[in-house]
Each structure stands twice: as structure tokens, then as C-alpha cells.
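I opened the model today and kept short notes on what I looked up. The entries follow in the order I made them.

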Amino acid sequence: QVFFVYAGGLGMIDGMGPTTFLQKSGLSNRNVAFLRDPKVKYFDEGISDEIVDLEGVIDWHQQFLAENPHITDVYCVGNSFGGWAALFFGYILAVKKVFAFAPAGHWGRDMLADLLKDSNGVTDYEIMYSTEIADDKRFAETYDGYPNMKLFVNNKYDHLLMRGLLLDSAL
């Protein structure tokens, strides 16, 4: 199995750097690809000098999976802006499951609404969010009733859900 982990807008997972997050979450002993959008533009401007646009990022994912046919279980995980990315790439790649924590981004929400309304036939989605954060609530509840979509409310940690769950050993 492999986990694609997508960072939030600042390149972190709820204020934690990649290594800290992987160690605290228990993912450090798994196959992981950690990605971030350094410009926070929905990957439209790519992730590097070699991967310059969204199509290139999609191609990178698809090539990685094609070159590793032994990987049969693929998951996408992300928080905040990274939650949007997990939902998007999870759908496009038809991964087994997506875990999105407090996903965010107005433009991304609208784009995903059109995309996710039709099942890709494979992916299950779990969105955890706080109803006390208006933008998080609006984003998550846009997808209420969508195919294979489960919404979970957690008002204990506000937008920093993953951090709170990790600190409480509940993730």
C-alpha cells in the first residue's frame, strides 16, 4: 500500500513538518509520498521546475502507480488545502480511500462539487470537520449525500483536527 499525503497551504500538516507528522501518525513505517503545492494554486502551477502544472502532477501520480504495479491499496490523506488535494487526486486516481481533515478552498470546493457528484466507482471518502468553523462546515457539507461520502463532525479541535487527534492518540 501507499499513502499520498498532501500538505496544507504552508507545506505542513496542521503546523507539523512532514517528518513529525509521519512519526506521530504512525505512517513513517508505511510507503508514503508527501506532496505540497508551494504556490497554493490548486497545483495549477505544478510542484517543481520539472512538474509545472496540474496535468503534470496527475501524470506524476499515474506514472508512480504504473511503475509500482505491486501497490494495490492506495490512500490519499490531507488537511486544510491538503484535504482538497486528497479529495481531488483520490477521485482522479480512483484510490481505495480518501481521508480529508478540514478541507478548505472556495474555488476548489466548487470544482470538486462538480467532480464528486458522480462516483468514480471505486473511492470511499471520509471528511472530518468542525461545524464551528464556518468555511470548514460550508466546504464539507457541500458533499453531504454524495456517493461513497461520509462526513464526520468533530468540534473539539476546530480547523486543526489532525493535530488534535494525534495529540489525543485518536487518529
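**Entry 1: fold**

How many helices and strands are in the protein? I found 6 helices and 6 strands. I note at the outset that this is a predicted model. I then read along the sequence and wrote down the pattern β-α-β-α-β-α-β-α-β-α-β-α.

**Entry 2: overall dimensions**

I looked up the extent of the C-alpha trace, which spans about 40 × 35 × 30 Å along its principal axes. Next I checked the radius of gyration. A compact globule of 171 residues would have a value near 16 Å, and the protein has 15 Å, so the two agree. I asked for the buried share as well: 47% of the 171 residues count as buried. For contacts with a separation of 6 or more, I read that 65% join residues 24 or more positions apart.

**Entry 3: helix 2**

I went to helix 2, residues 54-66, and tested its length. Its 13 residues should span 18 Å at 1.5 Å a residue, and I found the end C-alpha atoms 18 Å apart, which agrees. Which residues of helix 2 are buried? I listed Leu54, Gly56, Val57, Ile58 and His61. I then followed where the buried residues of helix 2 pack: against strand 1 (2-6), strand 2 (31-35) and helix 3 (81-93).

**Entry 4: helix 5 and its charges**

I moved to helix 5, residues 134-141, where I located Asp136. Asp136 is buried yet has no salt bridge. The nearest side chain of opposite charge is Arg138, at 8.7 Å. A salt bridge here needs a nitrogen and an oxygen within 4 Å. What does Asp136 touch, leaving out residues up to four places away in sequence? I noted Ala102, Pro103, Tyr129, Ser130 and His159.

Arg138 has a salt bridge with Asp135, with the closest N and O atoms 2.5 Å apart. Asp135 and Arg138 are 3 residues apart in helix 5, so about one helical turn separates them. I recalled the background: an α-helix has 3.6 residues a turn, so residues three or four places apart point the same way. Asp135 is partly exposed at 40% relative accessible area, and Arg138 is partly exposed at 43%.

**Entry 5: other salt bridges**

I took the total next and counted 8 salt bridges. I looked at Lys96 and Asp73, whose side chains meet in one of 3.6 Å, N to O. Lys96 lies in the loop between helix 3 and strand 4 (97-101) and Asp73 in the loop between helix 2 and strand 3 (74-79), so the pair ties together parts 23 residues apart in sequence. Lys96 counts as partly exposed at 42% relative accessibility. Asp73 counts as partly exposed at 24%.

I then looked at Asp168 and Lys156, whose side chains meet at 2.9 Å, N to O, in a salt bridge. Asp168 sits in the segment after helix 6 (161-167), and Lys156 in the loop between strand 6 (149-153) and helix 6, so this pair ties together parts 12 residues apart in sequence.

Methods
Residues are numbered from 1 along each chain as its sequence is written. This is a predicted model: local features need pLDDT of at least 70, side-chain atom pairs count only at pLDDT 80 or more; totals for chains, interfaces and linings use all residues. Side-chain values use heavy atoms; hydrogens and water are left out. Helices (H or I, at least four residues) and strands (E, at least two) are DSSP runs, numbered from the N terminus. The expected span of a helix is 1.5 Å times one less than its number of residues. Buried means under 20% relative accessible area, exposed over 50%, partly exposed in between (1.4 Å probe, protein chains only). Contact means heavy atoms within 4.5 Å. Lys and Arg count as positive and Asp and Glu as negative; His and the chain ends are not counted. The radius of gyration is taken over C-alpha atoms; the globule rule is 2.2 Å times the number of residues to the power 0.38.
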